[in-house]
Every structure is written in C-alpha cells, then in structure tokens.
Amino acid sequence: MRDIAPARFYALHLAVIAVLFALNFLLPAYHHGLMARILVLAVFAMGYNMLFGYAGLLSLGHSMFFAAGLYGAGLAVVHLGWGAPPAFAAGLACGAVLSLVIGLLSLRTSGVAFMIVTMMFAQVFYLAILYFAPWTGGDQGLVVPRQARVLTIGDQPFDLADPQVRYLTALALFAAVLLACLALVRSRYGRVLVAIRENEERTTMLGYDTFSNKLAAVVVSGTICAAAGAAYALLFGYVGSNFAGVQYSILPLLWVLVGGAATTLGPLLGTLTMYYVIDVASGYTTAYLLVVGVVLILLVLFFPKGILGSVRQRWLGWLP
Amino acid sequence: MKPLLTTSGLSRRFGGLRAVDDVDFTLMPGEIRGIIGPNGAGKTTFVSLLCGRILPSTGTVMFDGADITGLPAFRRVRRGIAYTFQITSVFAKLSAYDNVALPVQRRLSDSRSTASIRSGVMGALERTGLADRASMPAGELAYGHQRLLEVAMGLALKPRLLILDEPTQGLSDGEIENFIDLVRDIARDATVLIIEHNMPVVMQLAGRITVFDAGRILAEGTPHEIRADLRVQDAYLGTQHG
C-alpha cells in the first residue's frame, strides 16, 4: 500500500478542496452560510479524528479544547482588544497548553477510565466558564465585536463577517488542516500512532515511548480543535458556554463515526451528513431527532465503519 | 570476556506465588542459550524481567555493564534487547512491510531517508524469506509466516540480545528446520536467548541450556550435560519421556 504514488492522495484531496472552493460561488445564501459553519466544525472533527481514529484514544472531553480556542480568541478580543490574527494565535496557544496539561494527567489512564477522566476535566472547564461569568459572560456568552473581526492582508482589510470572506477563510483553515493531517498520517509518526492503536504493548517492545507519542497526539488533536474554536469565535462572532458542554464532546465523535474513523476525509463527510440530516429533517417535523436516530441505526447496520471507512473496506483500499 | 547480561537475586512475586525466585543468571556474548522447564516454571516471567515488560520485586539486571533494573521496556529495546512474543502479535491490519518498518524507523531515528528505511525493511524480510509478501496485510499471512514476521521485526532492531519466546510453537516440521537455520544465522551477530518446548530444537541450537523449575534455576550446562542430569530428568524430561 506504500507503493501507490503519493500524487494520487494529494490529487484527491486537492480535488475536494477545489470542489469546496467552487461551491463558494454556486451555493445559495442559506447553504453557503451553513457550509462555512460545517467547514469550521469539520476541522474540529479532524482534530478529534487524529486522537480517536489514528491513535485509538476515545476522549469524551474534546469540547474543552474547542472551547479553549473559542474563549482564548474571544476573550483576547473582548478584554484585551486584540485584533483577529493575534486572537487566533491566542486561541491556538490556549488549546496547546490545555491539551498538554490534560494529556499529561489523563494519559495515566486508558480505556474507559480515559473516557471518564477527559469528560470530568471538560466538565470542570465548563463549570469554570460559568463560575467566571464576569469575564466569560457565563451562560449568556459573549458577542465578539464586529470591528475586531477584520483580517488585514497588506493594506486591504477583509471583514470576516462578510459571507464570502467568511466562507473562504473557513475553507483556507479547513484546507490547511486537511493537508497537514494527510501528511501526518502518511508520515512515520502516523505509522507509530496506528501501531499504538493496534497493539500498544508490541509498540513498546519495538523501542517506542508510547506515552510520549500519545501525548503528542493529544496535543496535536487539542490544538487542531482549538484552531476550529478560535476560527468559530472570529468568523461567527459568538462565544458561548454551550460549546464547552457535553454535547460538543459527543458531536465530534459522532461526526467522525458517521464519516469514517481513521480516514482523512471522513470527518468532513460525517459533519456534512449529520448537519444536513438534521437540517432537512427539522424542516418536516419537530421530532427530527427521531429521524437522526433512524439514520444512525441504518449507518451502523450498513456502514459499520462509517461512510468512508466502509467505502475503503469494500472498494477503495488505498484511501488514506 | 565480560558477560552481556547478568541477573543477581532476581525475584518476582505475584501475591504469594514466587514466579521467579532469587535467580542468578549469566549470559555471555555470542551464545545461543536455551531456557527450558515445565509449564509454570517461570520462564516467560524471567525473560519479561529481562526485557522490562514487568519489573522485579527484588534483585538486579545488568546489561553490557550497566544496571538496567529500573529502565522502562522501550529504553531497554533501544539499548539492544529485543523480545519476540510467545503469542504472535504482529500488527494484523498493517502490511508486512509496515510491520517491519516500525522497528527500522525507530532504529534509524536519526536518518531522514526513506531509502534507508526501505533497504532495512527489505533486508529483514529477505532474511526471513518474506520479501515477496511485503505488501500483504500481516493478518492474512499464514501462521508460520506470521511467526517469521515476528522474528523479522526483532531482527530489524539489530539487537545485541534477541529473546525468542517459544518461536517454533505451531510450526510444521519443515518450517522448524528453516527456523533453526535462521536462528543460527542470527546468532552470528547477536546473542540469542530462546525459550523452547520442542526438545530436539533446543538440543540442536543451544550451546548451553538453563533449566527452570518452580521459579528457580534447577540446572545449567551443555545439552549433553542437561540430558544426563538426573534432577532434570526427574523434574522435567522424565515426565515427558516417561
């Protein structure tokens, strides 16, 4: 499988990016806005997939990394008056530091204990946001002022609230993270992560420090999720505690499972599918969660490895 | 000549059970040493203490003149102790190539070249006769080939001490003969410690044999001496051949 020319992988991924770029000009306004949101949340899912899909570590607390980016960027704008680029960097830094600390503590456990510990830390993070309401806005959240949501390139200011700019900025972030993930999973480090997922003890006995490798995976994953959070704050202008709740820890897991764990394009596909299933179903009935449940059951029955995971298994073995 | 590996007073208790009990053991460089003993004699526990999969209750392990008693397993591997598992544990979903690439890229961690990894991987696969199966998922290899892949992964680390835990278990007679040749080949540049239940294999391969019984070393000597040892016959061989 290593003999297939790398050109094929990059051609596929660049084609996906090109299609998403074309959609910027083709989509009607409503779907255009929805798609920008999906792209940012797909970045969140890709970050989750790095840890869950490739390293095999199931975290139930990833909302804290998304929220670290969200609040890191949002609070820097609201309280420190920072511009968009440094605020984005602040969000990334918060995610990186938080994931390093959480990784150091929670990787002392594994399996179910790891799930519980990460979930517990995320709850602490969520409650801390509510507790420090004077700064964070508590359960009301904060609105990121529009004048701060501007990206200046050269002398040209771009208003991140403008739909076109917003979509293309979201796409740029998505494309960068997608290509970085592709390079990472095809690298030697990616091979080590898969080895740890498949048999950690065997990997140790090949001379690998599995703890350090897993810690690096938590930090990479947490930082990508924080990038999604920071971008969300700056593009959509709202920072809210609901993004730190349990629901936003479960959602990326669901998106990744639907799209296909340990596939590079699965997170996008999963996020897209779930968003549109909910969107279409809620147009017909208030009991749309029932439809979502049925769709999930059908997926488990016919695509147990997620959409792309099953496609890879049955038809396209070379998919990364 | 200085010994490659020594243990002194090495013990490991599991609750009230003394799985390994006060073992003093010396291994010289270049040896092929056989370890035999009845089931539950503590053989696997003993080699697990050597490679760091479990830590001793008391006692020390010296490797190449350094005390490695407290070192975690992955650091011992980096110093040159490779262990191949008793129960085949190749990465079933990865190709044979990727299985061997893992130890090669670890050993060559200072080198960034893909070509040197490829040559290291193919070298180990060729020595074990698996080169033409490099792209097959390891889980789809025949059982005998999986055992060989396991050895190839150990070889790829270029170890100074290769520990083989019941490597011929489940192999056919023809495969066992090839395997004996392979181990002799490996022993030209590595010390080999082999736990084996198959007596003819041990008798052919090992220069010296250590017999374990109830967590202790019962006897040690050349295959000829071990065969003649009455205590060994009582504890072990007798029950097999009687």
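Tutor: The buried residues of α5(B) are B:H145, B:Q146, B:R147, B:L148, B:L149, B:E150, B:V151, B:A152, B:M153, B:G154, B:L155 and B:A156. This is a predicted model, in which local features need pLDDT of at least 70, side-chain atom pairs count only at pLDDT 80 or more, and totals for chains, interfaces and linings use all residues. Residues are numbered from 1 along each chain as its sequence is written, while chains are lettered from A and ligands numbered from 1 in the order in which they are written.

Student: What makes α5(B) largely enclosed by the rest of the structure?

Tutor: A residue is buried if 20 or more other C-beta atoms, placed from the backbone, lie within 10 Å of its own; 12 of the 14 residues of α5(B) are buried, so this helix is largely enclosed. Those buried residues pack against β6 (81–84), α3 (96–107), α4 (114–127), β7 (161–165) and α6 (173–186) of chain B, where contact requires C-beta atoms within 7 Å.

Student: How do you know whether the span of helix α5 of chain B is close to the expected one?

Tutor: The expected span is 1.5 Å times one less than the number of residues, and α5 (residues 143–156), with 14 residues, reaches 20 Å from its first C-alpha to its last, close to the 20 Å expected.

Student: Why are α11(A) and α12(A) called roughly perpendicular?

Tutor: Angles of 65 to 115 degrees count as roughly perpendicular; α11 (residues 247–259) and α12 (residues 266–284) of chain A pack at about 105 degrees, with their axes 7 Å apart, and are therefore roughly perpendicular to each other.

Notes:
Axes fitted to C-alpha atoms, helices over the stretch in contact; angles between N-to-C directions. Helix = DSSP H or I, 4+ residues; strand = E, 2+ residues; numbered from the N terminus. Parallel < 35°, antiparallel > 145°, perpendicular 65-115°, else oblique. Contact = placed C-beta atoms within 7 Å.
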